[in-house]
Amino acid sequence: MKNILVSSMLASTLLLSGCVTFPTSESNQVDVIWDDVKAIENCQRLGIVYGSEGHFYDYWFHADKDMVWGTLNQMRSKAAELGGDTIYLYQSLDFSSSVTMFANAYLCNNSPNKPVTNK
């Protein structure tokens, strides 16, 4: 009986924990920049995007770097849905059990200042 209880608690926790967001073919086309205002000066702003990974009940299952990576992937996907090819990050929010970030999505494909990145 004890093994069943422990197993069901573990299974419930794993189901609640979810997964880190992975990149898609569309989101891989979106560049991430910060601290370079010139890179977006000739771009069209499309809107604000946000991403968030981790919860108070499962953050110990995920490394900080994985939550940051998942958050960036969420924002890149949302920017791609808006038709964007670049996100410009705001300062990240302080966190201890999750990662939440905001960015502006831009369309810069014709911009001479578009950042060049290796994907």
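A: Tryptophan 34 is found in the loop between β1 and β2, where strands (E, at least two residues) and helices (H or I, at least four) are DSSP runs numbered from the N terminus. This is a predicted model, in which local features need pLDDT of at least 70 and side-chain atom pairs count only at pLDDT 80 or more, while totals for chains, interfaces and linings use all residues. Residues are numbered from 1 along each chain as its sequence is written, and side-chain values use heavy atoms, with hydrogens and water left out.

Tryptophan 34 is exposed, with a relative accessible area of 52%; here buried means under 20%, exposed over 50% and partly exposed in between, with a 1.4 Å probe and protein chains only. The C-alpha atoms of tryptophan 34 and glutamine 91 are separated by 8.7 Å, although these residues are 57 residues apart along the chain.

Turning to the strands themselves, four of them form an open sheet with mixed pairing, in the order β1-β3-β4-β2, where two strands pair if DSSP finds at least two bridges between them. The edge strands, each pairing on one side only, are β1 (31-33) and β2 (44-53). From one strand to the next the twist averages 30°, an angle that runs from 0 to 180 degrees between the N-to-C directions of lines fitted to C-alpha atoms.

Strand β2 is joined by nine bridges to strand β4 (residues 99-107), and the two run antiparallel. Within this pairing, isoleucine 48 stands opposite asparagine 104 in β4.

The structure holds one aromatic pair, and its rings, those of tyrosine 50 and phenylalanine 102, have their centres 6.2 Å apart and their planes at 40°, so the pair is tilted. Rings of Phe, Tyr and Trp (its six-membered ring) pair if their centres lie within 6.5 Å, and planes under 30 degrees apart count as stacked, over 60 as edge-to-face and the rest as tilted. Because tyrosine 50 lies in strand β2 and phenylalanine 102 in strand β4, the pair ties together parts that are 52 residues apart in sequence.

Tyrosine 50 is partly exposed, at a relative accessible area of 44%, and phenylalanine 102 is partly exposed as well, at 32%. Both belong to a nonpolar surface patch of about 390 Å², made by Ile48, Tyr50, Tyr90 and Phe102.

Conventions: Patches are made of residues with over 30% relative accessible area and no salt bridge: like charges are joined within 9 Å, nonpolar side chains (Val, Leu, Ile, Met, Phe, Trp, Tyr) within 5 Å. Accessible areas come from the Shrake-Rupley method with a 1.4 Å probe; for residues, only the protein chains shown count as cover. A salt bridge is a side-chain nitrogen of Lys or Arg within 4 Å of a carboxyl oxygen of Asp or Glu.
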